[in-house]
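The tour moves from one selection to the next.

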Amino acid sequence: MKKIISLVLCLALGAFVLSGCSGSDEPFEEKNYTPDAQVSEINIDVEDREIEVSLSADGQVHIQYYENSKEYYDISVSGSTLTMTAASDKAWTDYIGVKPSAENRKISLQVPDALLENLTLSTTNEDISLPALAVTGSISISSNGGDITFGRLDVGSALNLTVKNGNISGTVLGSYDDFAIQSDVKKGDSSLPESKDGGSKTLNVSANNGDVDIELVSE
């Protein structure tokens, strides 16, 4: 009898906990952000969000994203640097249940070609994709639990790519003579040498449990 009562109490408690998760069902609202000032550096650091980069048609930076009162972003511009970070006002019960749809977990970033100095993107459990893009300084991309894919990237000084439980694939503008290369790949295949000295630019790649397929091409 005691076991039956205990089972009933557990079921009732579970129903109460799940009913307390209704706040996580709050709809997401589409938002768009364009900085008032010209920016030369972008830093996006989020979790569980896909980041899709495309080229801007008007030479400005634009960000399209989705948020609600529980899951939102802090976006600011300091000097010429735009920063976007994930923020949350979740109770522990909000983590129980179904996660937001793929559409609501996507950040679309439009950037001007050849006008940015530095671009840094980081996420977890989702992919990051970039088009053919040029920057005057460096590009740094990191995904823990997703793939990194890109078109032909042209960097002025450095390209840094890091994945865990994901793959890296794309094309880099330049010959092997242009780059000093460091490639650390565990539990995966790589098209790059582990180490190569020389070159005026650096290509640093790290992959844990994933493959690296990067092609260097000259103009």
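In which loop is aspartate 48 found? Select aspartate 48: the loop runs between strand E2 (41-45) and strand E3 (50-55). Helices (H or I, at least four residues) and strands (E, at least two) are DSSP runs, numbered from the N terminus. This is a predicted model, in which local features need pLDDT of at least 70, side-chain atom pairs count only at pLDDT 80 or more, and totals for chains, interfaces and linings use all residues. Residues are numbered from 1 along each chain as its sequence is written, and side-chain values use heavy atoms, with hydrogens and water left out.

Stay on the backbone here. Aspartate 48 has a positive phi of about 55° although it is not a glycine. Most residues other than glycine have a negative phi. Aspartate 48 is partly exposed, at a relative accessible area of 32%; buried means under 20%, exposed over 50%, and partly exposed in between (1.4 Å probe, protein chains only).

Next, select alanine 114, in the loop between E7 and strand E8 (118-124). Alanine 114 also is not a glycine, yet has a positive phi of about 70°. Its relative accessible area is 41%, so alanine 114 is partly exposed.

Now go to serine 108 in strand E7 (residues 106-111). Serine 108 is buried because its relative accessible area is 18%. Leaving out residues up to four places away in sequence, serine 108 touches Glu52, His62, Ile63 and Gln64; contact means heavy atoms within 4.5 Å.

Finish at isoleucine 42. With residues up to four places away in sequence not counted, isoleucine 42 touches several residues, including Val61, Leu82, Leu109 and Val111.
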